[in-house]
Amino acid sequence: MTMSVKVVEILSSEELRRTVTRLASQIVERTRDLSQLVLLGIYTRGPLLAELLARQIEVLEGVTVDVGALDITFYRDDLDQIGLRTPAKTNISFDLTGKTVVLVDDVIFKGRTIRAALNAVNEYGRPEVIRLAVLVDRGHRELPIHPDFIGKKLPTAKEEVVKVYLQDLDGRDAVELIGD
């Protein structure tokens, strides 16, 4: 007996581009001093999303925003459930003290990745404020964590998978919902 997997496109390439533009605009609107803004992408696709947001902010406002990449592997509380992973390299070449930090992730689910990211950020200074931008919020939170900026709210079943594809990593831009 073979099970067929159902794949539904949630965001096309063009819709993803518009969503990133809207998220960048929202970040600009909520940030008092753009010179203090820092975007930290959470691996795997967060760093690339952070770069896309930074480029769009530069287009909108003419301001260059510092971008970093954050690996949260050793800050997770669920490694026993998700299995061993090869850590990526955290790349934060600036002090976060006094900055407006926007954590950037592709999909928020249970909230555990973000909890780990909040702990990891403390290693690099004490930001004035930390906000969260996600491309897709699929619900099912286990922790009281809510994004400040949401590209797309997508109610899902727990067993479904949301897959984000980005051109520079995957050869195409799209968001898909994968289920039975």
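## Cavity, pocket and backbone features of a predicted model

About 230 Å³ of space lies in the second largest pocket. This is a predicted model, in which local features need pLDDT of at least 70 and side-chain atom pairs count only at pLDDT 80 or more, while totals for chains, interfaces and linings use all residues. Residues are numbered from 1 along each chain as its sequence is written, and side-chain values use heavy atoms, with hydrogens and water left out.

Grid points are joined across faces, edges and corners, and a volume is the space filled by probe spheres set on the points.

The lining of the second largest pocket comprises 14 residues, and R17, V20, L52, R55 and D173 lie nearest its centre. At least two lining residues come from each of α1, α2 and α5 (167-170); helices (H or I, at least four residues) and strands (E, at least two) are DSSP runs, numbered from the N terminus.

The structure also holds one cavity of 30 Å³ or more. The largest cavity has a volume of about 40 Å³, and its lining consists of V20, L23, L49, L53, V104, D105, A133, V134 and L135. Four elements, α1 (13-30), α2 (46-61), β4 (100-108) and β5 (129-137), each contribute at least two residues to this lining. The largest share, three residues, is that of β5.

D105, one of the residues that line the largest cavity, lies in strand β4. D105 is buried (under 20% relative accessible area; exposed is over 50%, partly exposed in between, with a 1.4 Å probe and protein chains only), at a relative accessible area of 5%. Not counting residues up to four places away in sequence, D105 touches I42, G46, L49, T113, I114, A133, V134 and L135, a contact being heavy atoms within 4.5 Å.

Two backbone features lie in loops. Most residues other than glycine have a negative phi, and most peptide bonds are trans. The peptide bond from Y43 to T44 is cis, with omega near 25°, and T44 belongs to the loop between β2 (37-42) and α2. H140, a residue other than glycine, has a positive phi near 70°. H140 is placed in the loop between β5 and β6 (149-153) and is partly exposed, with a relative accessible area of 27%.

For the protein as a whole, there are five helices and eight strands, arranged along the sequence as β-α-β-α-β-α-β-α-β-β-β-α-β. The radius of gyration is 16 Å, close to the 16 Å that the globule rule gives for 180 residues, so the protein is as compact as a globular protein of that length; the radius is taken over C-alpha atoms, and the rule is 2.2 Å times the number of residues to the power 0.38. Of the 180 residues, 46% count as buried.

Key:
1 Å grid on protein atoms, 1.4 Å probe; cavity = no way out; pocket = protein on both sides within 12 Å on 5 of 7 lines; lining within 4 Å.
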